[in-house]
Amino acid sequence: VAAQCPRATIYTIPQGEGSKCLKVYGQVLQAMLEFGMDRKDLLVAVGGGVVGDLGGFAAAGYMRGIDFIQIPTTTLSQIDSSVGGKTAINLNGVKNIIGAFHQPRAVLIDFDTLKTLPPRHWANGLAEAVKMGLILDADLFALFEAGDVQAHLEEIIYRSIAAKARVVEQDE
């Protein structure tokens with residue numbers, strides 16, 4: 001992704017939910033400031049839900065809001081957290097208590113990123129898709145009943161995103 005940008009820097013955060021905190025949020029903002037980002041710049045969040053939530057919230061707060069793009073790389077972030085512009089960090093063990101609605105300029109999904117996931121992460125996202133199917137989309141649930149999830153993966157993710165979007169568009 002960085003190779004496609006005329007002027008880019010990569011900032012990596014520690015893996016896991018622990019990075020959705022004030023300390024790491026401040027570190028990301030400091031890195032953006034040191035890089036010299038301005039209102040014409042764009043933050044690209046490449047990773048799972050933690051990266052998308054933290055990156056989106058940093059984009060929302062920096063200079064009162066700059067554009068950002070989400071590139072979710074886990075099944076769960078593709079199906080769930082990249083949809084709806086809900087960005088947030090945790091505080092004192094309370095999940096997503098500090099946040100903002102800040103819609104990404106785009107959400108880019110590359111199904112090949114899912115090939116790198118361990119089975120637990122793969123199943124985690126698919127469980128969310130099953131839930132969406134049970135609650136909102138019988139045809140989505142039928143894809144799971146057909147038995148070959150891999151053969152229907154792109155449609156499962158697409159239908160899950162559409163179902164999630166119908167729910168979260170009411171949030172803002």
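1. Helix α5 passes helix α6 in a left-handed crossing. The model is a predicted one. In it, α5 covers residues 138-145 and α6 covers residues 153-168, and their axes come within 10 Å and cross at roughly 155°. Angles over 145 degrees count as roughly antiparallel, and α5 and α6 are therefore roughly antiparallel to each other.

2. Which residues make the contact between α5 and α6? On the α5 side they are Asp-139, Leu-140, Leu-143 and Phe-144. On the α6 side they are Glu-155, Ile-156, Arg-159 and Ser-160. By class, the contact of α5 with α6 holds 4 nonpolar, 1 polar and 3 charged residues.

3. Helix α5 also meets helix α4, which spans residues 119-136. The axes of α4 and α5 come within 6 Å and cross at roughly 130°. The two helices, α4 and α5, are therefore oblique to each other. Their crossing is left-handed.

4. In the contact of α4 with α5, α4 contributes Leu-126, Ala-129, Val-130, Met-132, Gly-133, Leu-134 and Leu-136. From α5 come Ala-138, Leu-140, Phe-141 and Phe-144. How do these residues divide by class? The contact of α4 with α5 has 10 nonpolar residues, 1 polar residue and no charged ones. Leu-140 and Phe-144 of α5 are listed in the contact with α6 and also in the contact with α4.

5. Another helix pair is α1 (residues 22-35) and α2 (residues 49-61), which pack at an angle of about 55° with their axes 10 Å apart. That angle makes α1 oblique to α2. Here the crossing is right-handed.

6. The α1 side of this contact consists of Val-24, Tyr-25, Val-28, Leu-29 and Met-32. Leu-54, Phe-57, Ala-58 and Gly-61 make up the α2 side. Sorted by class, the contact of α1 with α2 has 8 nonpolar residues, 1 polar residue and no charged residues.

7. Now the pocket. The second largest pocket holds about 160 Å³ of space. What lines the second largest pocket? Its lining is made of Ser-82, Val-83, Gly-84, Gln-103, Val-107, Ile-109, Ile-161, Val-168 and Glu-169. These lining residues divide into 5 nonpolar, 3 polar and 1 charged. Among them, Ile-161 and Val-168 fall within the residue range of α6, 153-168.

Key
Residues numbered from 1 in each chain as written. Predicted model: local features only at pLDDT ≥ 70, side-chain atom pairs only at ≥ 80, totals over all residues. Heavy atoms only, no water. 1 Å grid on protein atoms, 1.4 Å probe; cavity = no way out; pocket = protein on both sides within 12 Å on 5 of 7 lines; lining within 4 Å. Points joined across faces, edges and corners; volume = space filled by probe spheres on them. Nonpolar A, V, L, I, M, F, W, Y, C, P; charged D, E, K, R; others polar. Axes fitted to C-alpha atoms, helices over the stretch in contact; angles between N-to-C directions. Helix = DSSP H or I, 4+ residues; strand = E, 2+ residues; numbered from the N terminus. Parallel < 35°, antiparallel > 145°, perpendicular 65-115°, else oblique. Left-handed = near helix turned anticlockwise from the far one by under 90°. Contact = heavy atoms within 4.5 Å.
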